[in-house]
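Here is a short briefing on salt bridges and helix packing. Please look over the structure first.

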2 protein chains.
Amino acid sequence: MNIYDVSNKAGVSIATVSRVMNGNPNVSDATRKKVLTVMQELGYTPNIFARGLGLNTMQTIGIMCTDSSDMYLANAVYYTEHELRSHGYDSILCCTGDNLENKKQSLNLLLSKRVDALILVGSKFLEAKHKDNAYIFSAAEKVPIMLINGYLEGENIYCTICDDYRAVYQITHALLSSGRKKLLYLYTSNSYSGLQKKNGFLSALRDYHILPDEQFLQICPKGIYEAKEIVASLYQQGYTFDGVVTSDDFLAVGALKYALEHHILVPKELSIVGYNNSILATCAEPELTSIDTKVEALCVNTVNSLMRIFEGNDVPACTTISANIIYRMTTELNPL
Amino acid sequence: MNIYDVSNKAGVSIATVSRVMNGNPNVSDATRKKVLTVMQELGYTPNIFARGLGLNTMQTIGIMCTDSSDMYLANAVYYTEHELRSHGYDSILCCTGDNLENKKQSLNLLLSKRVDALILVGSKFLEAKHKDNAYIFSAAEKVPIMLINGYLEGENIYCTICDDYRAVYQITHALLSSGRKKLLYLYTSNSYSGLQKKNGFLSALRDYHILPDEQFLQICPKGIYEAKEIVASLYQQGYTFDGVVTSDDFLAVGALKYALEHHILVPKELSIVGYNNSILATCAEPELTSIDTKVEALCVNTVNSLMRIFEGNDVPACTTISANIIYRMTTELNPL
């Protein structure tokens with residue numbers, strides 16, 4: 001018997017049971033009474049003792065990510081696992097792929113292993129259709145759901161996100177204010193985080209009364225060659241640019257390779273901006289201006305929030321962390 | 001009760017119990033009789049039925065890697081997880097770091113979760129001192145231990161390795177036979193795989209009666225800037241080279257950046273060879289000649305061997321897979 005049984009029988013969330021156990025005042029008297037009655041009926045030993053005895057909890061957190069070979073996600077998994085371990089928690093990782101049925105199956109598998117919480121890494125778990133997220137809401141009835149750089153509103157769901165909107169808005173604004181006029185935006189996905197970035201780009205354009213040509217917003221597979229091909233095909237159609245903003249360093253490297261091959265001077269004639277500040281940004285020649293999305297800070301905050309939830313504390317449903325623009329050789333911008 | 005109990009009580013390995021269960025002839029009559037007696041005493045239902053009922057096995061494999069944010073290891077974990085899933089197995093991943101005590105602790109943790117086997121990814125689990133590997137040998141008494149690109153001899157230990165020695169030997173040989181005379185070797189580690197690569201380099205030099213200067217073998221942290229610094233300091237000391245062979249693309253990119261900055265023509269004046277054929281090889285400008293170490297094939301072979309072990313078949317203790325040299329713009333070599 002464990003905290004899940006108490007939560008189920010009392011018909012309240014795990015967080016509420018935790019709050020009662022920890023004497024947190026943000027619980028109504030009626031709820032507190034109900035929970036304490038159930039705990040007594042079930043003969044439940046509170047967590048803090050149980051943990052020491054290894055009785056009521058697996059001390060294991062389920063981590064889900066869509067693709068562990070993706071550099072951003074692999075780093076996030078690494079930092080999350082590390083931080084969990086420093087708090088004495090083990091983790092079980094499931095890599096789900098992008099298929100919704102596989103995501104559901106992995107989530108159920110982790111729940112069947114009695115994990116204490118689920119951490120969803122990246123925003124690719126949130127489906128466009130609200131009803132397709134039902135599996136997340138129903139899991140949240142059992143354990144806390146922590147989203148790293150994804151946003152979903154619901155009971156027992158907690159998000160830590162990077163301010164992708166603001167980061168792309170700022171760099172686009174900086175390019176426009178330095179005199180750039182024709183910006184291309186290359187992006188990989190319309191995930192939550194993907195949409196935030198695209199909106200940041202469009203919003204900065206709007207401030208400068210620029211109506212974006214549809215051709216100047218191009219979705220692209222996450223590959224250097226694929227991005228290079230798309231840029232090549234735009235130039236072949238007669239379009240020209242003086243700046244390329246991207247949602248991923250891969251795409252920026254592709255644009256850079258096209259420019260080098262066609263003797264377009266970077267950054268003089270063409271500014272290029274990456275995203276994620278990955279190893280590609282420093283591997284590229286010249287090195288890429290890119291956005292540091294603070295992956296480690298996101299993961300540390302997520303785990304710390306989870307520990308606070310376990311202790312019965314209130315935790316904000318959504319925490320936002322600012323990104324940092326890292327200026328390098330593919331832009332002529334200087335930090336203010 | 002499960003196969004471990006049978007194996008313990010009969011005093012034989014899991015593999016032997018499996019062989020008996022599957023009617024494999026490579027078991028002595030005495031052993032077969034002992035195992036069958038124990039199975040009867042314990043009322044043990046063989047695996048193949050038990051699995052369907054979810055009784056005797058967790059259907060879970062423990063995966064250990066030293067660092068999931070390392071690109072090579074992250075890819076290997078990805079392919080391994082994927083392949084296990086396609087066989088209906090879940091996996092629990094532990095990232096151990098390089099500390100021996102942490103490695104032992106992670107291994108014990110996975111065993112305590114009753115995993116059916118352990119897969120150790122990369123050669124960083126094998127310690128220089130034989131006695132420090134005792135924890136692996138003792139785990140092998142309980143479950144099969146699968147090593148991906150690491151080599152250790154022992155009962156119930158199975159290795160799938162890439163022929164790193166031959167790959168570095170071949171590319172070094174090709175450089176020397178094309179007229180290069182002063183080769184620098186940059187490497188990151190003296191792990192099993194690291195030593196194989198270094199020996200391949202030295203062996204090719206020996207074929208050409210070249211005695212390597214100690215300064216021409218440099219160990220280096222796995223970073224672009226770090227490698228660039230080491231190359232810079234060698235040039236500052238008056239050493240010159242016409243080729244750089246490396247144990248990792250990171251180091252090759254560092255050497256390349258030094259050359260570009262100092263107007264050394266690549267590949268005309270300096271050939272540069274990477275290793276692992278990572279995304280860095282195609283991101284670099286010019287793109288790197290590198291070694292494809294067939295990570296996916298290694299992982300698929302490891303999982304297939306494991307499935308065969310579970311079925312009670314004999315599996316070779318060590319399988320070697322050849323690497324591929326991928327010729328790009330940093331060498332003037334052509335494939336034969």
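Helix H6 of chain B spans residues 100-112 and holds both B:Glu101 and B:Lys104. The two residues sit three apart, about one turn of the helix. Their side chains meet in a salt bridge, at 3.5 Å from N to O. This is a predicted model.

- B:Lys104 has a relative accessibility of 28%, so it counts as partly exposed.
- A salt bridge also joins the side chains of B:Lys103 and B:Glu127, with an N to O distance of 2.8 Å.
- B:Lys103 belongs to helix H6 of chain B, while B:Glu127 lies in the loop between strand E3 (117-121) and helix H7 (134-140) of chain B, so this pair ties together parts that are 24 residues apart in sequence.
- Is B:Lys103 buried or exposed? B:Lys103 counts as buried, because its relative accessibility is 2% and the cut-off for buried is under 20%.

- The side chains of B:Arg85 and B:Glu81 form a salt bridge, at 3.4 Å from N to O.
- Both residues lie in helix H5 (residues 71-86) of chain B. They are four residues apart, so about one helical turn separates them.
- B:Glu81 is buried, at 3% relative accessible area.
- B:Arg85 is partly exposed, at 29%. That value falls between the cut-offs of 20% for buried and 50% for exposed.

**Salt bridges over all chains**

- How many salt bridges are there over all chains? The count comes to 22.
- In chain A, a network of salt bridges links A:Asp70, A:Lys222 and A:Asp248.

**Packing of helices H2 and H3 of chain B**

- Two packed helices are described by the angle between their axes and the distance between the axes.
- The axes of helix H2 (residues 14-21) of chain B and helix H3 (residues 29-42) of chain B come within 10 Å. They cross at roughly 90 degrees.
- H2(B) and H3(B) are therefore roughly perpendicular to each other, as angles of 65 to 115 degrees count as such.
- H2(B) makes the contact through B:Thr16, B:Val17, B:Val20 and B:Met21. H3(B) contributes B:Thr31, B:Arg32, B:Val35, B:Leu36 and B:Met39.
- By class, the contact of H2(B) with H3(B) has six nonpolar residues, two polar and one charged.

Conventions: Residues are numbered from 1 along each chain as its sequence is written. Chains are lettered from A and ligands numbered from 1 in the order in which they are written. This is a predicted model: local features need pLDDT of at least 70, side-chain atom pairs count only at pLDDT 80 or more; totals for chains, interfaces and linings use all residues. Side-chain values use heavy atoms; hydrogens and water are left out. Axes are lines fitted to C-alpha atoms, for helices over the stretch in contact, and angles run from 0 to 180 degrees between N-to-C directions. Angles under 35 degrees count as roughly parallel, over 145 as roughly antiparallel, 65 to 115 as roughly perpendicular and the rest as oblique. Contact means heavy atoms within 4.5 Å. Ala, Val, Leu, Ile, Met, Phe, Trp, Tyr, Cys and Pro count as nonpolar, Asp, Glu, Lys and Arg as charged, and the others, Gly among them, as polar. A salt bridge is a side-chain nitrogen of Lys or Arg within 4 Å of a carboxyl oxygen of Asp or Glu. Buried means under 20% relative accessible area, exposed over 50%, partly exposed in between (1.4 Å probe, protein chains only).
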